[in-house]
Amino acid sequence: MQMEKGVQRWVVDISEWNPTPHDFSFALSVLPQHEQSPITRFVRMEDRKRALVSRLLQYALVRQVLGIPYQEIIIKRTIEGKPYLECDRVSMDFPNFNFSVSHHGDYVAIASEPLCLVGLDVVSYMIPCKEPVVEFVQNFSSYFSSFEWDNILNAGTCDEILIEFYRYWCLKEAYVKAIGIGVANSLDKVEFHHTGWANISVKSDGVTATDWRFWLFELGKGHWVAVAKGPPRSATESYKRTLTRSDFDEEDYNNGLNLPNAPFLYYSVEQLIAFLCKGNGKGKLEANQNA
């Protein structure tokens with residue numbers, strides 16, 4: 001099924017990329033000029049790497065999936081900061097192509113969907129060093145329903161409490177990012193249910209949303225990633241205006257909702273650059289030498 005090609009999950013482990021100043025400058029130069037200054041504003045190299053790889057993933061995925069010439073790819077952001085593709089050349093096989101990016105710790109990831117909204121969140125399981133675990137998670141209690149909060153506090157040991165907290169947080173962030181609202185907004189208004197962290201569902205105002213799907217994976221090295229997909233009509237107004245279509249009949253929507261969830265594919269920074277330089281001339285030789 002051609003539409004399945006629009007379901008992509010890519011991830012880069014930036015701890016494996018230790019560029020020289022020259023390598024970093026070259027990777028940066030591959031991006032459009034307007035994308036470069038937000039990256040160089042970061043002071044810490046780790047933050048620069050995450051921001052750079054996040055943008056490389058967006059352009060490389062669009063290039064590979066949609067086949068749009070790199071020079072013609074235009075990625076903008078809504079007022080809430082949600083990235084989107086501005087293009088009138090999206091294939092009819094992908095009636096609503098959209099994507100979501102996230103980075104935390106060692107991983108930068110992207111997910112795309114051809115019809116449904118998609119949201120992605122990565123969290124690194126970090127043990128707080130300045131306060132006890134319960135005090136740390138207490139700072140975020142207002143973002144959880146009483147049901148979720150009870151599950152977190154009764155998870156067991158401090159480690160188990162922290163893991164439970166991060167799992168719920170990861171899912172909530174993926175959900176709000178799919179909709180296109182700002183990070184950490186309205187997290188308390190959605191309540192997640194699951195069976196052993198499978199068969200995950202969400203309730204909004206006490207009603208189970210049957211038109212959403214969720215997945216939670218452990219990436220490794222203490223990182224979790226959540227993927228949410230749902231109906232385009234749920235998008236914020238600013239994000240909805242960027243979509244090709246916001247209304248689908250039930251059959252068409254369910255065809256998109258029930259597409260198989262793709263596994264995460266691991267790529268290197270050099271591979272992303274090679275995707276973008278392919279047929280582009282600029283830096284082609286250097287990209288091939290570093291691949």
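Rings of Phe, Tyr and Trp, the last taken by its six-membered ring, pair if their centres lie within 6.5 Å. In this predicted model, such ring pairs link Tyr125, Phe136, Phe140, Tyr143, Phe144, Trp149, Phe165, Tyr166, Tyr168, Trp169 and Trp197 into a cluster. The structure holds 27 aromatic pairs.

**Aromatic pairs**

- Phe140 and Phe165, both members of the cluster, have ring centres 5.3 Å apart and planes at 45°. Planes under 30 degrees apart count as stacked and over 60 as edge-to-face, with the rest tilted, so the pair of Phe140 and Phe165 is tilted.
- Phe140 lies in the loop between α4 (133-138) and α5 (146-153), whereas Phe165 lies in helix α6 (residues 158-179). The pair therefore ties together parts that are 25 residues apart in sequence.
- Phe140 has 23% relative accessibility and counts as partly exposed. Phe165, at 2% relative accessibility, counts as buried.

**Nonpolar cores**

- The largest nonpolar core has 40 residues, of which Trp10, Leu52, Val53, Leu56, Leu85, Phe97 and Leu272 touch the most other members.
- Two or more residues of this core come from each of β1 (8-13), α1 (21-30), α3 (45-66), β4 (98-104), β5 (107-113) and α9 (269-277). Helix α3 gives the largest share, eleven residues.
- A second, separate core has 38 residues, including Leu117, Phe136, Ile200 and Ala235.
- Val53 of the largest core is in contact with Val12, Ile14, Trp17, Val108, Val269 and Leu272, leaving aside neighbours within four places in sequence.

- Ser54 is placed in helix α3. At 6% relative accessibility, Ser54 counts as buried.
- Not counting residues up to four places away in sequence, Ser54 touches Val101, His103 and Val108. Val108 is also among the contacts of Val53.
- Lys49 lies in helix α3 too. Its relative accessibility is 2%, so Lys49 counts as buried.
- Leaving aside neighbours within four places in sequence, the contacts of Lys49 are Ile14, Trp17, Asn18, Pro19 and Phe24. Lys49 and Phe24 are 25 residues apart along the chain, and their C-alpha atoms are separated by 8.4 Å.

**Helix α5**

- Which residues of α5 are buried? They are Glu148, Trp149 and Ile152.
- These three cover an arc of only 100° around the axis, which puts them on the same side of α5.
- An α-helix has 3.6 residues a turn, so residues three or four places apart point the same way.
- The cover over the buried residues of α5 includes α4, α6 and β7 (190-195).

**The three-stranded sheet**

- β7, β8 and β9 form an open sheet in the order β7-β8-β9, with antiparallel pairing.
- The edges are β7 and β9 (207-208), each with a single partner strand, so one side of each is left without a neighbour in the sheet.
- Strand β8 (residues 198-204) pairs with β9 over two bridges in the antiparallel sense. Ser204 has Val207 as its bridge partner in β9.
- Helix α6 lies across β7 and β8, and runs at about 120° to β7.

- Eight of the eight residues of strand β11 (residues 223-230) are buried, so β11 is largely enclosed by the rest of the structure.
- In a regular strand the side chains alternate between the two faces of the sheet.
- Both faces of β11 are covered, with buried His223, Val225, Val227 and Lys229 on one side and buried Trp224, Ala226, Ala228 and Gly230 on the other.
- Strand β6 (residues 117-124) pairs with β11 over eight bridges in the antiparallel sense. Leu120 stands opposite Val227 in this pairing.
- Strand β10 (residues 213-220) also pairs with β11 in the antiparallel sense, over seven bridges. Here Leu216 stands opposite Ala226.
- The hairpin of β10 and β11 has two residues between the strands, and Lys221 takes a positive phi near 55° in that hairpin.

Key: Residues numbered from 1 in each chain as written. Predicted model: local features only at pLDDT ≥ 70, side-chain atom pairs only at ≥ 80, totals over all residues. Heavy atoms only, no water. Core = buried A, V, L, I, M, F, W, Y, C linked by side-chain atoms within 4.5 Å. Buried < 20%, exposed > 50% of the residue type's maximum accessible area, 1.4 Å probe, protein only. Helix = DSSP H or I, 4+ residues; strand = E, 2+ residues; numbered from the N terminus. Contact = heavy atoms within 4.5 Å. Arc of directions from axis to C-beta. Pairing = 2+ DSSP bridges. Axes fitted to C-alpha atoms, helices over the stretch in contact; angles between N-to-C directions.
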